[in-house]
Amino acid sequence: SKLESLSSLLRYNPDLVRDHQRLAAVDRFFSPDGRGNELTQMEVSRAYHLQGDIPNALQAAEMVAKNSRHGTVIRHYIRLLRLNGEAQRGLEELIRFRELFSRKGSWEDTTLELELARVYAALGEYRKAEDAVDSLLHRHRLVQPFEPRLLVYCCLLKGVLLDRRGARGPA
């Protein structure tokens, strides 16, 4: 059912995908290169995702992410790969992107590093996932404070990873 999660229930709109497809088409039409803005084009994928249709969300995201240099687009694409059970492919795409287009210390790079930790966890590589989160938390404390939302995501993942290995204590 399309209404299995609270998010889907609160945001359910049967016309969401169609409306976003129209938006993306208009964006492409007015774009000089005919491709449109990557973030606008990604909204079609996000609409499918909100509807709980991960395979179509992934298909829509792949078309945009294929040649993207935009970290937010890649992060959404990697997340969809992970949610679709393709975490290994997500890891490969993430490593490739970071080697080519990494912007060390940027917000984009930080969110990609958090997604890397999630991919490692999905692959069962919990030590690597925890190391990635620890690196993020270290950077938050000593180098560059994160926005609160990002810090919360890091702490939540750290807590899940600690709980997974049976450790109790500070997360």
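Guide: Let us begin with the polar contact, which is a pair of N or O atoms within 3.5 Å; within protein, one must be able to donate a hydrogen and the other to accept it, and residues adjacent in sequence count only if both atoms are side-chain atoms. Helices (H or I, at least four residues) and strands (E, at least two) are DSSP runs, numbered from the N terminus. At the start of α3, the backbone nitrogen of Leu39 lies within 2.8 Å of a side-chain oxygen of Asn37. This is a predicted model, in which local features need pLDDT of at least 70 and side-chain atom pairs count only at pLDDT 80 or more, while totals for chains, interfaces and linings use all residues. Residues are numbered from 1 along each chain as its sequence is written, and side-chain values use heavy atoms, with hydrogens and water left out.

Visitor: Which polar contacts does Asp33 make with its side chain?

Guide: Asp33 belongs to the loop between α2 and α3. Its side chain is joined to that of Ser31 by a polar contact of 2.6 Å. A polar atom of the Asp33 side chain also lies 2.9 Å from the backbone nitrogen of Arg35.

Visitor: How is the span of helix α3 read, and where is its kink centred?

Guide: The expected span of a helix is 1.5 Å times one less than its number of residues. Helix α3 (residues 38-50) has 13 residues, and its first and last C-alpha atoms are 18 Å apart, close to the 18 Å expected. The bend at a residue is the angle between axes fitted to the seven residues ending there and the seven starting there. In α3 a kink of about 30° is centred on Val44. After the helix comes Gly52, with a positive phi near 85°.

Visitor: Which residues of α3 are buried, and what do they pack against?

Guide: Buried means under 20% relative accessible area, exposed over 50%, and partly exposed in between (1.4 Å probe, protein chains only). The buried residues of α3 are Thr40, Gln41, Met42, Val44, Ser45, Ala47 and Tyr48. Contact means heavy atoms within 4.5 Å. The buried residues of α3 pack against α2 (16-30), α4 (54-65) and α5 (71-83). Take Ser45, which lies in α3: its relative accessibility is 1%, so Ser45 counts as buried. Leaving out residues up to four places away in sequence, Ser45 touches Ala57, Ala60, Ala61 and Leu80.

Visitor: How many residues of α5 are buried?

Guide: Twelve of the 13 residues of α5 are buried, so this helix is largely enclosed by the rest of the structure. Among them are Arg75, His76, Arg79 and Arg82. The buried residues of α5 pack against α3, α4, α6 and α7 (107-122). Thr72, found in α5, counts as buried because its relative accessibility is 15%. Apart from neighbours within four places in sequence, Thr72 is in contact with Leu39, Trp107 and Glu108. The helix is followed by Gly85, whose phi is positive, near 80°.

Visitor: How many aromatic pairs does a search of the whole structure find?

Guide: Rings of Phe, Tyr and Trp (its six-membered ring) pair if their centres lie within 6.5 Å; planes under 30 degrees apart count as stacked, over 60 as edge-to-face and the rest as tilted. The search of the whole structure finds two aromatic pairs. Phe29 and Phe30 form an edge-to-face pair, with 5.0 Å centre to centre and 85° between the planes. Phe29 is exposed at 64% relative accessible area, and Phe30 is exposed at 63%. The ring centres of Phe97 and Phe101 are 5.3 Å apart and their planes are at 50°, so this pair is tilted. Both residues lie in helix α6 (residues 87-101), four residues apart, about one turn of the helix. Phe97 is buried, with a relative accessible area of 1%, as is Phe101, with 18%.

Visitor: Over which ring does the charged end of Arg118 sit?

Guide: A charge sits over a ring if NZ of Lys or CZ of Arg is within 6 Å of the ring centre and within 35 degrees of the ring normal. The charged end of Arg118 sits over the ring of Tyr153, 5.6 Å from its centre.
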